[in-house]
Amino acid sequence: MSRGLRLIPIILLVWILLTFAWKLIQPEDSTVRSQLVNREVPQFALPAGVPGTPALSSADLATGEPRLLNFFASWCVPCVAEAPTLERMRAQGVKIDGIAVRDTPGAVAAFLDRHGNPYQRIGADRHSSVQLALGSSGVPETFVVDGKGVIRFQFLGPIGSADLPTVMRELEKAK
Amino acid sequence: MIPETGLAALWLAAALSLLGLFLSVGHVRGMLDAERAVRALAIVQGLLCLFAFLALLIVFARTDLSVALVFENSHSAKPFIYKVAGAWGNHEGSMLLWVTVLGLSGAALSAMSRQLPPRTLIAALGAQAALALGFHAFLLFASNPFARLSPAPVEGRGLNPLLQDPGLAFHPPTLYLGYVGLSVAFSIAVGAMLAGDVDRRLARAMRPWVLGAWIFLTLGITAGSYWAYYELGWGGWWFWDPVENASLMPWLAATALLHSVAVLAARDALKAWTMMLAVIAFSMSMVGTFLVRSGVLTSVHAFAVDPTRGAFILALLGVYVTAAFVLFAVRAGTLREGAPFELVSREAGIVVNNLLLTVILGVVFIGTLYPLLAEALSGEKLSVGAPYFNAVAGPLAILLGLLLAVGPLLGWRREKRPIAPKLTVPGLFAACTLVIAFLGLPDASILSKLGLALAAGLLPAAILPLIGRNPLRAPLATWGMAIAHLGAAVSVGGMAADSSLTTEKLTAARPGETVDVGPWLVKFQGVNPVAGPNWTAVEAELRASRGGGVHVLRPQSRFFTSPPTETNEAAIQTLLAGQLYTVLGPSDDEGRYQLRLWWKPMVTLIWFGGAMVAFGGLLAMLGHTRRAWRKRKAVAE
């Protein structure tokens, strides 16, 4: 082993130690936002989440006008609280697509029968893979996607009626 | 008085380690003969640490609220066992435990490692004293566990029922024994490089230490994994969380080390590499301690975060690891490699084993630190999770498993006989399982299918080293190896079964409804209110059956008052065939509750296999120690 080679571990070590030291003096920030805001939606193509509503792929999101992409599930209780708000937005002409996370077609159909179906398209994300790809950490969660298929805004948790203006403003900004 | 006595013992121990360090430097440089003094100092220093730790235990057992640490972490109404466990359930106490284990390891090294050449032993004790000195300074200057409060408060603040869990009480000490136990291998390696004396005797002296630390690490990781499994409520058993990785990395290094040290012990080869691994293994322990204690990486395990303490540990880590690396860079060239070996031999098998383990270690290390490095270079925040780790480390682990079937069958130096015929049975097992997995489990990932096949093949392969001779007369160490390898197969089988056979049901149900998951019909009987010391809960009654008897499960959804938090207590029914895992979530206005149900066939094998691995390690350690002891006795006679 030449002397230069033997120094490589030491150089790597010093580099890592310096990075640690740098991080220690950084202020703490623990909120985790999706890294994909202001980036294009990653490519995906999901099968239909429920019979009767079309399936959803990433290409369907770039339609020239802003849309909402809503992660929901029939097993998710907060999603029930969100359903009326989504329904109101749909009535106001907002285009909403849904992704059903870890769900079955039967359960989704029952959920939509009970709480209304605000969605134009619904994809079935059986193993949360699209959810992970979009950097979403829970259900429900909603993204504003602009006409070119670029994510403009991420909303964590259920959209209540108090949050409605925020989401509508973001949709307006995305035009 | 007791806290002051404990603090005095710590100062004295620090002073003795400083003295021990000076004397051992003098001895190794040939300026004075201090062999007996250095050895005695190591023992006294270890006992003083133990004394200080016992003092802390007493203070906690008596709930002496004039001590700040007790006030913050204990409460007079706590059950006694958790009062005592509270001593190490906080930063200062756990660092005192760390230092105590370090000191006792030094004492044990001094008392028991007679087979080491004296100069190497004194140099190793010097290295151990240097380590102790730094961590003593950390305790005394940045984390004093015995600081007093005046006036003493009337009641403590620490009645957090979340932390009152037997798993949490004994998990940290187990891991610490593993982490810090590796310090001895580090010190022996440093001592041997300083004294220029790396040979088989050294490897034999180092091996029990590596095995001992490795057993505790294995147990600690296994227990930690089960704790996360039942506590976090999502049915996962490994999350690739930075704190989990912090314990996995030293384990990977120690596993590689205990294999390479066997080569050095038996064949006098792989000298430089073994020394490097010994340095890396303990360095990973220090990196792990740093990651956990500094909070530089976002983790689900939120511990007290303090940048000054982080900086202190970082400085210690930097000094020790850099010094060891520089020593290695200077001395590695002078180590003559010993006996040569051929391409098909036990040595070559272990070299490949080490290569794979080191690459997996690198993969985990890079994945764990990448978010940090990326943020430092580009300011971008990102996270690295299971998709990366599984995709990169998984196939390497499969290769390692294949090697595990072959390696132990190879002879030292070179294998003349063909080994393929011996592997017919394991090969058939694996092939049949693979075919069944492909036909029966079309949805399972390719990795889990391969894992199932591998486990099926490894079960017979692991016991092959015991076959062909009288198993009762096989050395204990061989038994240990076979059982540890068998445990690895069992654990891999459990992991693959969990990811391919698990059925999951997430649903919102009303009391009275019946939900099916896998072969089970689960009837949701109803919910009852339950109350604890500072929480109230809704407890569901679930009646699960699959034809035979009925099992009643009672998962809870708990609401804590201060601070207001909500947690889920999973209810788990363990059966021979697997576990039924149930979680109760929040409810809606219409009286429906979120239920999460999993049927996990064979999942318990993951932890059962882990325990087998540790037990195999224990047998190997006993076997090697007994042989060394007999040999010494024979020489003495």
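In this predicted model, helix α7(B) passes α8(B) in a left-handed crossing. Helix α7 covers residues 166-195 of chain B and helix α8 covers residues 200-232 of chain B; their axes come within 8 Å and cross at roughly 155 degrees. Angles over 145 degrees count as roughly antiparallel, and α7(B) and α8(B) are therefore roughly antiparallel to each other. If you sort the residues of this contact by class, you find 20 nonpolar, 8 polar and no charged residues.

Helix α16 (residues 476-501) of chain B packs with helix α17 (residues 605-636) of chain B at an angle of about 170 degrees, and the two axes are 7 Å apart. That angle makes α16(B) roughly antiparallel to α17(B). The contact of α16(B) with α17(B) has 20 nonpolar, 11 polar and 2 charged residues. Packed helices like these are described by the angle between their axes and the distance between the axes.

Here are the two pairs side by side:

| Helix pair | Crossing angle | Axis distance |
|---|---|---|
| α7(B) and α8(B) | roughly 155 degrees | within 8 Å |
| α16(B) and α17(B) | about 170 degrees | 7 Å |

Now step back to chain B as a whole. Its secondary structure comes to 17 helices and 10 strands. The radius of gyration of chain B is 26 Å, close to the 26 Å that the globule rule gives for 637 residues, so chain B is as compact as a globular protein of that length. Along the principal axes, the C-alpha atoms of chain B fill a box of roughly 85 × 75 × 55 Å. Chain B is divided into domain 1, residues 1-159, and domain 2, residues 511-601. Taken over C-alpha atoms, the centres of these two domains of chain B are separated by 45 Å.

Chain A has 5 helices and 7 strands. Following its sequence, you would read the pattern α-β-β-β-α-β-α-β-α-β-β-α. For chain A the radius of gyration is 21 Å, whereas a compact globule of 175 residues would have one near 16 Å. The box filled by the C-alpha atoms of chain A, again along the principal axes, is roughly 70 × 30 × 30 Å.

Where do the chains meet? Between them, 29 residues of chain B are in contact with 24 residues of chain A. On the side of chain B that touches chain A, at least two residues each come from α11 (307-331), α12 (346-378), β1 (503-509) and β9 (578-587) of chain B. The largest share of that side, 10 residues, comes from α11(B). By class, the residues of the side of chain B that touches chain A are 17 nonpolar, 10 polar and 2 charged.

Most residues other than glycine have a negative phi, and most peptide bonds are trans. The peptide bond from B:S150 to B:P151, however, is cis, with omega near 0 degrees. You can find B:P151 in the loop between α6 (118-142) and α7 of chain B. The other detail is B:W240, which is not a glycine but has a positive phi of about 55 degrees. B:W240 sits in the loop between α8 and α9 (242-267) of chain B.

Notes:
Residues numbered from 1 in each chain as written. Chains lettered and ligands numbered in written order. Predicted model: local features only at pLDDT ≥ 70, side-chain atom pairs only at ≥ 80, totals over all residues. Axes fitted to C-alpha atoms, helices over the stretch in contact; angles between N-to-C directions. Helix = DSSP H or I, 4+ residues; strand = E, 2+ residues; numbered from the N terminus. Parallel < 35°, antiparallel > 145°, perpendicular 65-115°, else oblique. Left-handed = near helix turned anticlockwise from the far one by under 90°. Nonpolar A, V, L, I, M, F, W, Y, C, P; charged D, E, K, R; others polar. Domains from an automatic or database assignment. Contact = placed C-beta atoms within 7 Å. Rg over C-alpha atoms; globule rule 2.2 N^0.38 Å.
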